[in-house]
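I opened this model to look up its pockets, a few strand residues and some backbone angles, and I kept short notes as I went.

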Amino acid sequence: MATWEEFAADEPEFAALVQRCLDRSITKIVATLRADGSPRVSGFDAVVSDGQLAFGSMPHARKGADLRRDPRFALHCAPADQSDGSLGDGDVKVSGRAVPTGDLTGETEGDGFRADITEVVWTGLNDARDRLVVRWWRPGEEVRRIERE
């Protein structure tokens with residue numbers, strides 16, 4: 001597993017692309033595991049701050065309870081603008097384990113978490129916009145890339 005800072009140090013160009021997608025995304029969804037093992041999906045916000053991919057859960061929310069019980073998660077970040085039928089900046093998925101960082105206080109209250117990352121995937125179009133491109137990274141590995149028609 002890796003922190004965001006480690007990911008960015010290992011693959012700075014790819015991390016910058018992924019962060020642009022996260023920052024521009026209208027919709028972010030996190031998948032967690034319920035007590036019975038079935039999936040739960042929830043809307044949420046995630047930010048890169050101080051070298052960490054950080055996110056929170058409202059007080060007493062099921063998503064926070066899920067993550068405290070089983071820290072595995074998958075984040076999906078849809079393209080910011082799909083109005084023209086394209087993939088825009090691309091689509092991002094981050095998988096890993098949520099590490100509690102304590103209570104959130106101030107304007108937003110709840111449970112804070114940071115991500116220990118196991119995989120980052122970006123899906124978009126090539127420069128010619130005629131092929132689908134999938135790039136993915138795992139700690140200790142170089143970014144892999146495939147193109148599909």
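The entries below follow the order in which I looked things up.

**Ground rules.** I am working with a predicted model, in which local features need pLDDT of at least 70 and side-chain atom pairs count only at pLDDT 80 or more, while totals for chains, interfaces and linings use all residues. I number residues from 1 along each chain as its sequence is written, and side-chain values use heavy atoms, with hydrogens and water left out.

**Largest pocket.** I first looked up the largest pocket and noted a volume of about 280 Å³. Of the 17 residues that line the largest pocket, I listed D45, F55, G56, S57 and L104 as the closest to its centre. Two or more lining residues come from each of β3 (46-49), β4 (52-57), β6 (91-104) and β7 (110-125), and β4 gives the most, with five residues. By residue type, I noted seven nonpolar, six polar and four charged residues in the lining of the largest pocket; Ala, Val, Leu, Ile, Met, Phe, Trp, Tyr, Cys and Pro count as nonpolar, Asp, Glu, Lys and Arg as charged, and the others, Gly among them, as polar.

**Second largest pocket.** Here I noted about 160 Å³ of space. Eleven residues line the second largest pocket, and W122, L125, N126, D127 and V133 are the closest to its centre. The elements that give two or more residues to this lining are β7 and β8 (132-137), and the lining divides into four nonpolar, two polar and five charged residues.

**D91.** The side chain of D91 makes a polar contact of 2.5 Å with the side chain of H76. I used polar contact for a pair of N or O atoms within 3.5 Å, of which, within protein, one must be able to donate a hydrogen and the other to accept it, residues adjacent in sequence counting only if both atoms are side-chain atoms.

**E147.** This residue lies in strand β9 (residues 144-148) and is partly exposed, at 33% relative accessibility. I noted two side-chain polar contacts for E147, one of 3.1 Å with R131 and one of 2.7 Å with R145. E147 and R135 are twelve residues apart in sequence and 8.9 Å apart in space, C-alpha to C-alpha.

**Positive phi.** Most residues other than glycine have a negative phi. H60, in the loop between β4 and α3 (62-69), has a positive phi of about 65° although it is not a glycine, and H60 is exposed at 75% relative accessible area. R129, in the loop between β7 and β8, has a positive phi of about 60° and is partly exposed at 44%.

Notes. 1 Å grid on protein atoms, 1.4 Å probe; cavity = no way out; pocket = protein on both sides within 12 Å on 5 of 7 lines; lining within 4 Å. Points joined across faces, edges and corners; volume = space filled by probe spheres on them. Helix = DSSP H or I, 4+ residues; strand = E, 2+ residues; numbered from the N terminus. Buried < 20%, exposed > 50% of the residue type's maximum accessible area, 1.4 Å probe, protein only.
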